[in-house]
Amino acid sequence: MEQKEQKSRATVRIKELPEEERPREKLLQRGVRFLRTEELLTILIGTGSRELSAAALAGNVLSLGRDGLYELADLAPEEMAALPGIGKAKACRIAAAVELGRRIASSSREVQPSLCSSGDVAKLFMEEMRRMKKEVFRVLYLNTKNQILSVEDVSVGIINSSIVHPREVFRPAVKKSAYAVILLHNHPSGNPEPSRNDLEITARLVESGRILGIEVLDHLIIGDGIFVSLKDRSLM
């Protein structure tokens, strides 16, 4: 009996729902923020398959990741397209919407704000770097107004002092006539607490910058929605 009920719900078409429960009508009447994630995906998917409704397909897409929406951003179009009823066209629409959201979230970089605090830096890079599966050591090159001239990824993978060499960090700084730099890297574990290796790398780069006349303003470690600033903690 329960299986029949679940099957019935899975095949109910959008047009068969009461008008106030249809995702598009709900969006127009109440606003996009009132829609559940499944309803937003249902709108992107548009139409169902012969066996499953658009809403059921949306639920199947979300079920690909253990954490639902969080992992949706990391799904490849090929993974979604492999689901029965999704296919390449629907998968591409979802992937495009996710990427558009990501670009909107990071678009404030283009206005080149002055970075006045560690929070300003974290706001710009948190959403991107918290999702990275490998450690990435990133350097921000700044002008005299603390505006970003350039962003460079110096190292990808296990970060240690032999890989993050001062010449790799400061060569672009000299070329771009940068006034100062800010260091960032992520901890894929989600825990941003600095390791001894993190502190050693920071001390080495601060000293190298002092010799070159290029100040290292901060070193941020990005975790899962949280960060640690070594400058704020007086660790550099």
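**Reading the labels**

Me: Asn146 is found in the loop between β1 and β2. Why does Asn146 count as partly exposed?

Reply: Good place to start! Asn146 has 22% relative accessibility, and the classes are buried under 20%, exposed over 50% and partly exposed in between, with a 1.4 Å probe and protein chains only. The value of 22% therefore puts Asn146 in the partly exposed class. Asn146 also has a positive phi of about 60°, although it is not a glycine.

Me: Before we go on, what sort of model is this?

Reply: The model is predicted, so local features need pLDDT of at least 70 and side-chain atom pairs count only at pLDDT 80 or more, while totals for chains, interfaces and linings use all residues. Residues are numbered from 1 along each chain as its sequence is written, and side-chain values use heavy atoms, leaving out hydrogens and water.

Me: Ser177 lies in the loop between α9 (166–175) and β3. Is Ser177 buried or exposed?

Reply: Exposed, because Ser177 reaches 62% relative accessibility. Like Asn146, with its positive phi of about 60°, Ser177 has a positive phi, here about 55°, without being a glycine.

Me: Arg138 is in strand β1 (residues 136–142). Why is Arg138 called buried?

Reply: Its relative accessible area is 4%, so Arg138 belongs to the buried class.

Me: What makes the link between Arg138 and Asp153 a polar contact?

Reply: A polar contact is a pair of N or O atoms within 3.5 Å; within protein, one must be able to donate a hydrogen and the other to accept it, and residues adjacent in sequence count only if both atoms are side-chain atoms. The side chains of Arg138 and Asp153 make such a contact at 2.6 Å. The side chain of Arg138 makes another with the side chain of Glu128, at 3.1 Å.

Me: What makes a group of residues a nonpolar core?

Reply: A nonpolar core is a set of buried Ala, Val, Leu, Ile, Met, Phe, Trp, Tyr and Cys residues joined through side-chain atoms within 4.5 Å. The largest one here has 16 residues, and those touching the most other members include Val121, Phe125 and Ile182. Helix α8 gives the most to this core, with six residues. Another core, of 15 residues, lies apart from it and has Phe137 and Val164 among its members.

Me: Which strands does helix α8 pack against?

Reply: The buried residues of α8 pack against β1, β2 (148–156), β3 (180–186), β4 (215–222) and β5 (227–229). In α8 (residues 118–129), the buried residues include Ser118, Leu124 and Met129.

Me: How are two packed helices described?

Reply: The angle between their axes and the distance between the axes are used. Axes are lines fitted to C-alpha atoms, for helices over the stretch in contact, and angles run from 0 to 180 degrees between N-to-C directions. Helix α2 (residues 23–30) and helix α3 (residues 37–45) pack at about 115°, with axes 9 Å apart. In this contact, Pro23, Arg24, Lys26 and Leu27 of α2 meet Glu39, Thr42 and Ile43 of α3.

Technical notes
Helix = DSSP H or I, 4+ residues; strand = E, 2+ residues; numbered from the N terminus. Contact = heavy atoms within 4.5 Å.
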